[in-house]
Amino acid sequence: MEETILVESISYSAVCQGCGAEVEWCGAQTLVGEALRWDVETTCPTCGLTLAVCGGDLPEHGRARLRMAPPMKNAAIMRVLRAELGIGLDGVRAVVDQVLTGQYSGTLPEMELLARKLRASGIEAAASRTAD
């Protein structure tokens, strides 16, 4: 089965690296299969500097949640989240608590990637957008 491509777009303000003026950046994070990609770009209207950063750091987190249906197998959930997030036992316990209470958030592509990994391990999971 072919996986759906997900794209999350954002706009945000940041300082121009050329002249220091505030400029609007446009970014997109894409999930294709099991690969996340984050790209941003801007053109400064003051000095004309154009920048594009491919594969850079995520400038902000999105408004999507990871949800799981009962019954939940905490050990299996912890195993998947530890592997995907690269966190230790204490950290993963906190993340599981956040997921189970609906407080764990990220971009829709990030949450869908985790949901896909959980579903592959036999855990019913879904990613969904939250209201603003």
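This is a predicted model: local features need pLDDT of at least 70, side-chain atom pairs count only at pLDDT 80 or more; totals for chains, interfaces and linings use all residues.

Leaving aside its neighbours within four places in sequence, I found leucine 66 in contact with Val99, Tyr104, Met111, Leu114, Ala115, Leu118, Ala125 and Ala126.

I then looked up the largest nonpolar core, which has 24 residues, and noted that Leu66, Met68, Ile77, Leu81, Met111 and Leu118 are the ones that touch the most other members. Two or more residues of this core come from each of strand 5 (64-68), helix 1 (74-85), helix 2 (89-100), helix 3 (108-120) and strand 7 (125-129). Helix 3 gives the most to this core, namely six residues. Apart from this core I found another, made of nine residues, with Ala21, Trp25, Trp38 and Cys44 among them.

Next I turned to the chain as a whole. I listed three helices and seven strands in the protein chain, and reading along the sequence I wrote their order down as β-β-β-β-β-α-α-β-α-β. Of the contacts with a separation of 6 or more, 53% are accounted for by residues 24 or more positions apart.

For overall dimensions I noted that the C-alpha trace spans about 55 × 35 × 30 Å along its principal axes. I recorded 36% of the 132 residues as buried, and an accessible surface of about 7800 Å², of which 50% belongs to carbon and sulfur atoms.

Last I looked up the charges: the chain has 12 positive and 17 negative ones, and their mean positions are 9 Å apart.

Key. Residues are numbered from 1 along each chain as its sequence is written. Side-chain values use heavy atoms; hydrogens and water are left out. Helices (H or I, at least four residues) and strands (E, at least two) are DSSP runs, numbered from the N terminus. Buried means under 20% relative accessible area, exposed over 50%, partly exposed in between (1.4 Å probe, protein chains only). Contact means heavy atoms within 4.5 Å. Accessible areas come from the Shrake-Rupley method with a 1.4 Å probe; for residues, only the protein chains shown count as cover. Lys and Arg count as positive and Asp and Glu as negative; His and the chain ends are not counted. The place of a charge is taken as NZ of Lys, CZ of Arg, CG of Asp or CD of Glu. A nonpolar core is a set of buried Ala, Val, Leu, Ile, Met, Phe, Trp, Tyr and Cys residues joined through side-chain atoms within 4.5 Å.
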